[in-house]
Amino acid sequence: MNWHKISINTSVENEEMLTEFLTDISNGISVDYSMDIMKSGVEDFDNKFRLNPDDYPESDIRLTVYFDESVSVDQKLAQIRTFIEETKSLVDKDDINITQDVVKETDWENEWKKYFHSFRVSETFMIVPSWELDDHEIKADDRLIKLDPGMAFGTGDHPTTSMCLKFIEKIVKPEDKIIDVGTGSGILTIGSHLMGARDLTATDIDELSLKVARENLKLNDIDGVEVRSSDLLKNETRKYTIVMANILAHVIEMMITDAYNCLIPGGHFISSGIIVEKKEDILTKLESAGFTVLELLEDNGWISILAKKED
């Protein structure tokens with residue numbers, strides 16, 4: 001099978017609006033930042049990441065979506081162009097550049113290898129793609145997340161994912177009961193398992209993401225995780241000590257009340273995928289639902305929130 005690849009180079013200010021739209025018309029997107037953006041605020045970046053500048057946009061960001069060959073790529077391109085034309089809040093529209101390409105199934109692995117490399121995401125979490133495992137030097141206290149992202153969200157290099165992992169590193173205990181809503185590649189579930197948690201549930205509405213999550217759990221020698229299809233928390237009946245969701249702000253809003261109801265007293269809600277402009281709205285809704293906000297992390301215009309359902 002071949003895949004249609006559509007890439008959009010644009011200002012970083014347009015990321016949230018385009019990400020939300022592209023998520024609605026595809027199974028998921030990848031986001032590549034320019035080297036200048038990635039280097040900002042990261043000490044000794046070149047030695048830590050050792051990336052090839054040719055693999056990244058010269059400036060701002062590149063959003064990429066893939067569609068299988070059964071989909072009309074011309075129709076998708078028309079949808080994208082119409083959205084850009086009609087969305088007044090997008091900036092620098094004349095500089096938005098859309099390109100189209102075809103990726104053969106046999107080239108898919110090499111396509112990911114160009115852009116995805118080992119890197120440290122927190123004090124102890126280290127993300128390592130399977131094709132670099134033999135070359136990686138493991139430190140004594142490293143928690144190694146082996147990952148083949150495939151076409152699912154979540155490689156750890158996006159601020160929303162890395163901030164979630166920092167919260168996981170901080171609060172997850174072996175006795176926790178955890179649900180990872182919108183699991184994508186399964187990265188947050190894997191991180192929770194590495195912290196000792198064993199009562200883990202990973203859900204997603206997208207079957208392709210569930211397939212990738214199962215493959216990544218196997219890659220990390222993890223079994224016993226309940227991986228299943230679910231529309232957020234709408235039909236959830238179990239009680240958890242931690243609910244985590246790295247999605248988008250408008251989806252987080254939809255699930256705040258359900259997250260509160262699914263938690264035991266004293267349980268935590270980790271939410272991410274929230275742009276700075278939506279921060280106050282989300283904080284207000286969390287507090288209205290009964291949550292106490294414990295901590296906020298901010299990175300490159302994105303917010304992650306750690307909240308608690310009080311005893």
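Reply: Let us begin with leucine 232, which is buried, having a relative accessible area of 12%. Please keep in mind throughout that this is a predicted model.

Me: What makes leucine 232 count as buried?

Reply: Buried means under 20% relative accessible area, and leucine 232 has 12%, so the label applies. This leucine lies in the loop between β10 and β11 (240-246), and its phi is near 55°, a positive value in a residue other than glycine.

Me: Why is aspartate 221 called exposed?

Reply: The cut-off for exposed is over 50%, and aspartate 221 has a relative accessibility of 64%, so it is counted as exposed. Aspartate 221 also has a positive phi, of about 55°, although it is not a glycine, and its place is in the loop between α8 (207-219) and β10 (226-229).

Me: How do you know that α1 and α4 are roughly antiparallel?

Reply: Helix α1 (residues 15-25) and helix α4 (residues 73-86) pack at an angle of about 150°, and their axes are 11 Å apart. Angles over 145 degrees count as roughly antiparallel, and the pair is therefore described in that way. The crossing of α1 and α4 is right-handed.

Me: Which residues make the contact between α1 and α4, and what is it made of by class?

Reply: From α1 the contact takes Met17, Leu18, Phe21, Leu22 and Ile25, and from α4 it takes Lys76, Gln79, Ile80, Phe83 and Ile84. By class, these are eight nonpolar residues, one polar and one charged.

Me: Why is the pair of phenylalanine 21 and phenylalanine 83 called stacked?

Reply: The structure holds three aromatic pairs. In the pair of phenylalanine 21 and phenylalanine 83, the ring centres are 4.1 Å apart, which is within the 6.5 Å needed for a pair, and the planes are at 5°, which is under 30 degrees, so the pair counts as stacked. The pair links distant parts of the chain, with phenylalanine 21 in helix α1 and phenylalanine 83 in helix α4, 62 residues apart.

Me: Are phenylalanine 21 and phenylalanine 83 buried or exposed?

Reply: Phenylalanine 21 is buried, and phenylalanine 83 is buried as well.

Me: Which residues form an aromatic cluster?

Reply: One aromatic cluster is formed by Tyr260, Phe269 and Phe291.

Definitions and conventions
Residues are numbered from 1 along each chain as its sequence is written. This is a predicted model: local features need pLDDT of at least 70, side-chain atom pairs count only at pLDDT 80 or more; totals for chains, interfaces and linings use all residues. Side-chain values use heavy atoms; hydrogens and water are left out. Axes are lines fitted to C-alpha atoms, for helices over the stretch in contact, and angles run from 0 to 180 degrees between N-to-C directions. Helices (H or I, at least four residues) and strands (E, at least two) are DSSP runs, numbered from the N terminus. Angles under 35 degrees count as roughly parallel, over 145 as roughly antiparallel, 65 to 115 as roughly perpendicular and the rest as oblique. A crossing is left-handed if the near helix is turned anticlockwise from the far one by less than a right angle, and right-handed if clockwise. Contact means heavy atoms within 4.5 Å. Ala, Val, Leu, Ile, Met, Phe, Trp, Tyr, Cys and Pro count as nonpolar, Asp, Glu, Lys and Arg as charged, and the others, Gly among them, as polar. Rings of Phe, Tyr and Trp (its six-membered ring) pair if their centres lie within 6.5 Å; planes under 30 degrees apart count as stacked, over 60 as edge-to-face and the rest as tilted. Buried means under 20% relative accessible area, exposed over 50%, partly exposed in between (1.4 Å probe, protein chains only).
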